There are 4 protein chains.
Amino acid sequence: MIEGRSLDGTNNKLTYGMVGGGPGSFIGPVHRAAIALNGQARIVAGSFSNIVEEVYQTARELGIDEERTYETYQEMAEKEAEREDCIDFVSITVPNHIHFDVAKVFLEKGINVVCDKPLCFTEEQSKILMNLANKNNVDFMVTYSYTGYPMVREAKELVKSGKLGKIRVVVAEYPQDWLADRAEDQGNRQAEWRTNPKFSGISNCVGDIGTHIENLVHFVTGLEIDEISAKLEKHVPGRVLDDNAYILLKFKGGATGNYWASQIAIGRENGLKIRVYGTEGSIEWEQEHPNFLKYVEKGGTVQIMSRGSGYLNPATQSFIRLPAGHPEGYLEAFSNLYKLYCEKLIEGKSGKSSEIQFPTVVDGARGVKFVHDCVKSNEDNNKWVDGSFND
Amino acid sequence: MIEGRSLDGTNNKLTYGMVGGGPGSFIGPVHRAAIALNGQARIVAGSFSNIVEEVYQTARELGIDEERTYETYQEMAEKEAEREDCIDFVSITVPNHIHFDVAKVFLEKGINVVCDKPLCFTEEQSKILMNLANKNNVDFMVTYSYTGYPMVREAKELVKSGKLGKIRVVVAEYPQDWLADRAEDQGNRQAEWRTNPKFSGISNCVGDIGTHIENLVHFVTGLEIDEISAKLEKHVPGRVLDDNAYILLKFKGGATGNYWASQIAIGRENGLKIRVYGTEGSIEWEQEHPNFLKYVEKGGTVQIMSRGSGYLNPATQSFIRLPAGHPEGYLEAFSNLYKLYCEKLIEGKSGKSSEIQFPTVVDGARGVKFVHDCVKSNEDNNKWVDGSFND
Amino acid sequence: MIEGRSLDGTNNKLTYGMVGGGPGSFIGPVHRAAIALNGQARIVAGSFSNIVEEVYQTARELGIDEERTYETYQEMAEKEAEREDCIDFVSITVPNHIHFDVAKVFLEKGINVVCDKPLCFTEEQSKILMNLANKNNVDFMVTYSYTGYPMVREAKELVKSGKLGKIRVVVAEYPQDWLADRAEDQGNRQAEWRTNPKFSGISNCVGDIGTHIENLVHFVTGLEIDEISAKLEKHVPGRVLDDNAYILLKFKGGATGNYWASQIAIGRENGLKIRVYGTEGSIEWEQEHPNFLKYVEKGGTVQIMSRGSGYLNPATQSFIRLPAGHPEGYLEAFSNLYKLYCEKLIEGKSGKSSEIQFPTVVDGARGVKFVHDCVKSNEDNNKWVDGSFND
Amino acid sequence: MIEGRSLDGTNNKLTYGMVGGGPGSFIGPVHRAAIALNGQARIVAGSFSNIVEEVYQTARELGIDEERTYETYQEMAEKEAEREDCIDFVSITVPNHIHFDVAKVFLEKGINVVCDKPLCFTEEQSKILMNLANKNNVDFMVTYSYTGYPMVREAKELVKSGKLGKIRVVVAEYPQDWLADRAEDQGNRQAEWRTNPKFSGISNCVGDIGTHIENLVHFVTGLEIDEISAKLEKHVPGRVLDDNAYILLKFKGGATGNYWASQIAIGRENGLKIRVYGTEGSIEWEQEHPNFLKYVEKGGTVQIMSRGSGYLNPATQSFIRLPAGHPEGYLEAFSNLYKLYCEKLIEGKSGKSSEIQFPTVVDGARGVKFVHDCVKSNEDNNKWVDGSFND
């Protein structure tokens, strides 16, 4: 059931602040809507833009006290940390290239952090953030949104339960077509920064969507990468960053994988798809039809499982907001992550410690390393490189 | 883009109150979440239950002033009407059998009304509500939620644009399976009241889901029913109301239709589907895959249109919250209706008058008549009865 | 495995003759290819046309002896009956309006008959043919081709095994679009005779494709019709026979049905589809994806069964010509019927009597009555008419 | 339309012989049925087995004269070559490891050859066969059966017409699951020889199904491979040959590719699928749904094209045996190849020379080199190897 009972209310158990998410932001409002749907937290502070008047404008619109409207994120971290009613967490929805700076400041103050992916740009930065989070005992979520879909959770449970046996092969893909032409020359701001190394770092396609494959596969299967061979390609003339990539993987334990990520696959919108083949069964899930999960037991029929159905795992059932047959989408997936995160914080307040079920700073660091390993392999003629991750 | 920028804020242009939606309610929170997603209105008043303490409990959770927390809906209508800052509209989410009573009280006070379907139980009641709405110049929305899906809007535009030519045949269905057994004996409260004439009136299956077919077909095609022949069936032993129905239709102008509604179709969840065949083309839409619409031009390929794509009608584009490939679902559809409704109210405040794009009290009345006509035909051995509607 | 080992050979156990199937015939060659695929029978006689030179031309092409090349079907029946090596069966592939005449002549001579559907035009004719077949102990197959698909056989087995429980509801449809325009004015010869009562009798759409629904439902479910209410429509200006039909059914035992047949459904090619809902499960099968069958057990996942898979019923397995994943189509379905028919004849030769698994003259008669009942109901304003069949 | 009019007849314009295809053979009868469906050629000679009595048994079943029943293929080649009425072609359906020997003997005699894939085991053998075919002016078809599907032909036409623009990316796959367990130990004879280097050469998975991907991509796109990086894996314990493979490709001209072939992908039957992305559009085709082809024009809807439809290319139309909506399958695809081959021979007889539209010995050689390149890359840690082919 959609909780939402405190959507407009004051009864939410947690408070939060936001950095970024000012006028024109796409993802900021998604975060706020996703949080609001759960009725667990309300926004009370923010530094929404690097343009001062935009900060105040957004703060007013969101009903935030002037006192907790901050012109810089540094000031916000400092002042909030001093307050007795300090925000329970901060949501960082700024451009990728300053994720690290902002996250670091809040971590240093011991404030819980939610940050968009990619976590940061270098492995050194990752380590700093992991260490800070660990040292200051901070709950840090990185919003790999696709892990919030209930049927992805079901997929994970199927693997965990042993129904697939030992995993042998993982085939995953993420085709899109929005960069099939030079959108960066046609006024598409997202295309401009995505294809610009200044704002996207060393990779566009792998960094933006390849990491979603990496995270989703790890989340569902638990497999750890051993070695990576990657081919990053630039198909659209003039591109300096990749817009198509093939990635082969050796996982620890003997399974292997084949990933394809593309931003030039005409006719494909947001086609993240994962297929896992084990010794006893297989699963298949597609982001564009997220309410369904295919499962085959060796020798059996192709079974289509449906979100909201009674035969699902209890862990999956806990994410059901609407009855079976009433489609849920991306927003609910995003919101599910916040649900898990806020539950953890609420339980933490009452001294309980619970299993972490959301993607953390470690997963973010894993993604950063993955991108670097892909680029390294690509630069060395797709040679196999060490892809193992140690947090 | 998800607007949501005022989700927690005070900046919403409208205020609203709710009758119903207390503890345990399913649809109440859906309404509140749907409204909140748009950032157009915030809740400030309510009478959430017929149990006094539940009223206060919910009001507290929603942060509503005690002053505007009402023990009865009658009191709420009266007191709000007297306030200078009277709510801009009331959302009625009470059980079906008191829709009429509650709606009537607010209409009499000239307060705008949103009411779940079915509008009421008799054609006399429909007329009273229509007349009151008309007389008091009230904006009255009935939440036929499926008309809020963007691709349903696109379907309507395709018909309107003449791309289908003259419509000949409409085939629609709505299979479910949740009443395939005696769920009403197994503690399913929804099943209890749905199958009980006291709370559901003269029909269960046609009243609950058959009317969604009727409304959706009328919305998409604009066709007006001329005659109806209906066969209402009770398959599960002990049922006194229908759980499966076949309905044939003659529309004014020569088109015909065949509807099937069922609550006993094992394996089907919420399978509302509409197919429209004209002299020049056809369309097909399924609620369980709402982001897609099939369209065939005579002699052409089967085209799958996708929500969020650039080739869609501007009217459809206006509902896009997330980019193509990022699934939207039932909640967004519901929210889209409120978006249209609130826009109308906001424009009304500034003296503008705009086309009504949401289902109104007239559509509600149309649904009530449809159910009655079906029952009448069924009682007379499925004879054709006059199905024409005059508001 | 495709048998076919005697495709060109002389080792086939049976011989047959054909009436019709001369130059320009579509269905004649389909029959011959379907027979040949099984390697059970070879053609040795024929009267292929009512134009004498075409008879000889086709006979020459097929390598038939002049002695057994007949200028009329009457002569063929007579002469063959006198031969010691009389053909084992005759395949009748003439236009519908002379099915009766040709079948009767061969029945009278005691020669086994295969005849296209519709069997004939009137119930009186049906009775004459049934009586003759019975009296002369003739094996008579009517080629309702869709019953030859392996997954239709599997569907029948699922029903028979009780996996669906007691059947409650059957929803079936057969949309096409080839008569959406006045194809009969555009040189389409099939359209010409299909829409002409002289050659098609009292119905076009129900007679041509509605009867396929009737036969398929009866084959899969075993249900016997009790009452029929039918609405036959002419949508294309100038038509004198139906091109769209809705048919409601009460079956003996309490199940009900809703059929839709259409030749004007733009975008649909040959969309025969059957859905059967029982108290314990449901099935769904589509002719355009014939290698798959959907099955849902109450409370379970949607299961997609695939032709050639090991989990299928042994009765289904016996029809497997190619391994799973290697699509079979219409031709193999047609051929499967002949396989069953020839097996029956071969067993009969050795004195064995076996269960009849192909559609017989009785099924043909059932179809004739169905068409008549539909027309009768339609003429009386879609009133319920007695639809029960007694052979 | 199914031609078939000479299925049992003597009027076929061509004669052929077969090597292999005796008792227990799967593919032999498929060849014979495929040929027979076209009514272009009849079998008159053969050497069906290396067991003499099986030779005679099959010959008798097929009605072949004793005179043209040969105990060895060598004798057959010699004797037929001496006859005035020498067979027009020979179909070689023997186990893979003797393809070369048999083909060579007939080529030396100047007899036209049809041979199953793989053509042979080494590049030296390929060259010998190519040279012989060239020198003796022999028409040589290698039965890459999937190129016979009409919608594959349509795909090729779409690429050729420029509708996809310049091709950038090809993603193709061929998952199966029949070797997911040690079927070779469970009495599965096909599994026994497929996994045995003595009979399968240096590769199982790439050799059996990877080459189908290679051939299909080349057929549809015309792309020539430049470099190959391949990873061949053995997942089932005890295997000495590959049962899963990932292959990356650089094509001449800048396009790249990613292929996946697997025999251990539980739940997958025969999932050959090809996707081609160009600068202007894309296509997608799946062997298990062969009557359909997806096509997207940049910025447009997803279009589903259907076999038999009027909008298809005339070249595709020429393969239509049954009207749209009447599924054709694997057998018809196989038969289409023979249709093209026999047409070529028939035209050759009358001195005409026409474009070759079937896969030839050159395509066979291409496949042999592909397998070798994959193995070579795999042995060198998946390094890029030269994959270019020169015939």
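Predicted model: local features only at pLDDT ≥ 70, side-chain atom pairs only at ≥ 80, totals over all residues.

Modeller: Residues are numbered from 1 along each chain as its sequence is written, while chains are lettered from A and ligands numbered from 1 in the order in which they are written.

Biologist: What span should helix α1 of chain A have at 1.5 Å a residue, and how far apart are its end C-alpha atoms?

Modeller: Helix α1 of chain A, residues 27-38, has twelve residues; helices are DSSP runs of H or I with at least four residues, numbered from the N terminus. The expected span is 1.5 Å times one less than the number of residues, so it should be 16 Å, and this agrees with the distance between the end C-alpha atoms, which is 17 Å.

Biologist: How many residues of α1(A) are buried?

Modeller: A residue is buried if 20 or more other C-beta atoms, placed from the backbone, lie within 10 Å of its own. Those that qualify in α1(A) include A:Val30, A:Arg32 and A:Leu37, and of the twelve residues the number buried is eleven.

Biologist: At what angle do the axes of α1(A) and α11(A) cross?

Modeller: Axes are lines fitted to C-alpha atoms over the stretch in contact, and angles run from 0 to 180 degrees between N-to-C directions. The axes of α1(A) and α11(A) come within 8 Å, and their crossing angle is roughly 65°.

Key: Helix = DSSP H or I, 4+ residues; strand = E, 2+ residues; numbered from the N terminus.
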